[in-house]
Amino acid sequence: MNFELDAVFIEEDCRTSALADRVVKGLPDSVPVGYVADGREVSRAQASGADPFGAGKRRMVVMRRRRPFLMACPAASSEFACCGLLVLTLASNCPMDCSYCFLQEYVADNPAFQVYANYAEAFDELERMASKAPGRHFRVGTGELADSLAFDRLTGISRDLIEYFARRENLLLELKTKTDEIDNLFAVDPRGRTLVSWTLSPQAVFSSSEHRTAPPTVRIRSARRVADAGYKVGFHLDPIIAYPEAERDYVALLDELFDTLAPERISFISMGGLRMPPTLRGVARRRFPNDPMLAGEDVLSPDGRYRTFTPLRLRIYRTISERIRAAAPALLHYLCMERPSVSAAVLGVTPPSPAALGERLGRC
Ligand code: SF4
């Protein structure tokens, strides 16, 4: 995969940064590079047109992050069983365009692909956090507000990250992606401290909803390659979308996964149903009016999100969980952004606390 850009903007303060240097050297000659005083102005000035969010995916801004890099997962809530993931925001937005993506709402006022040149400051934040909690293990992901690897060919950030985490016994890096942009990973030894995860969907969801992503088969084959190179691997079945053949297709997807990668080599599989706040649902249906995956029956849940009708949602979760258990009874799988009662109904056990699950995943 190789994502095209219409333009790159670099903040004057970041002109001599290593990241700006790599980006400029890696760009094709056809992509213009401009210099600006404040990268935030690029987003604001160009937030117009028929689809400013879609256009923003083709404009990269190399800039300084002015807020902390490390934060709790934005999906975390005391209402839900939670996996305790910590999020490191090294970039914001994504060149791919999934019809259900929450970024359509979350960064709606910021339609450009921001990459932060001062990302090494994130290592200081990690040091401070780890020193305050000696003995604890943390899983730290970069794939919440951006795909972790989509532009890695250009930015080369993965190398610095993997090398940093390789020296930290109590921190596990998670790189989450829907791409096959894995070439840079083979140049570094992760020493067991980096996990690469893929979000997986059946072919029908990929074809109708996951624009510019790698096909599911390619993602699975990429996972096998990085596992063979010494990386841990995990998978996210999220969002799980209810459509007439969903149960059959999710089982077939797992069959393909386990045929390619022995389940014992998989660290975890998370599951989460399609959920959309009303604003996101409106934006998504407006941007992708012909996507049948957005047109299923859903109900407004007490948490303010539209979700698949609960009995149907639970039935699909159970079918998937049974297939995972049949392949590997010990393979850790859990639900994301669901109430503990839903987790218990599907998995048969009360979910552990976020800290306990976070510790287990940080050690995986
Ligand atoms: S790959 Fe992830 S971040 Fe990118 S558009 Fe799809 S859902 Fe959003």
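Predicted model: local features only at pLDDT ≥ 70, side-chain atom pairs only at ≥ 80, totals over all residues.
The ligand is located in the largest pocket of the model. Around the ligand lie Lys-57, Cys-94, Met-96, Asp-97, Cys-98, Cys-101, Leu-103 and Lys-178. When this shell is sorted by class, five residues are nonpolar and three are charged, while no polar residue is present.

Strand β13 comprises residues 232-240, of which eight of the nine are buried, so the strand is largely enclosed by the rest of the structure. Two pairings of β13 may be described. Strand β11, formed by residues 194-199, pairs with β13 in the parallel sense through five bridges, and within this pairing Ser-197 stands opposite Gly-234 of β13. Strand β14, formed by residues 266-273, also runs parallel to β13 and is joined to it by six bridges; here Phe-235 stands opposite Ile-269 of β14. Together with helix α10 (residues 246-260), strands β13 and β14 make a β-α-β unit that is right-handed.

In a regular strand, side chains alternate between the two faces of the sheet. Strand β8 (residues 113-116) is covered on both faces. Phe-113 and Val-115 are buried on one side, and Gln-114 and Tyr-116 are buried on the other. With strand β3 (residues 59-63), β8 pairs in the parallel sense over four bridges, and Val-62 has Val-115 of β8 as its bridge partner. With strand β6 (residues 91-92), by contrast, the pairing of β8 is antiparallel and spans two bridges; in this case Ser-92 stands opposite Gln-114 of β8.

Terms used. Residues numbered from 1 in each chain as written. Heavy atoms only, no water. Near = heavy atom within 4 Å. 1 Å grid on protein atoms, 1.4 Å probe; cavity = no way out; pocket = protein on both sides within 12 Å on 5 of 7 lines; lining within 4 Å. Sits in = over half its atoms within 2 Å of the grid points. Nonpolar A, V, L, I, M, F, W, Y, C, P; charged D, E, K, R; others polar. Buried < 20%, exposed > 50% of the residue type's maximum accessible area, 1.4 Å probe, protein only. Pairing = 2+ DSSP bridges. Right-handed = clockwise from strand over helix to strand, strands pointing away.
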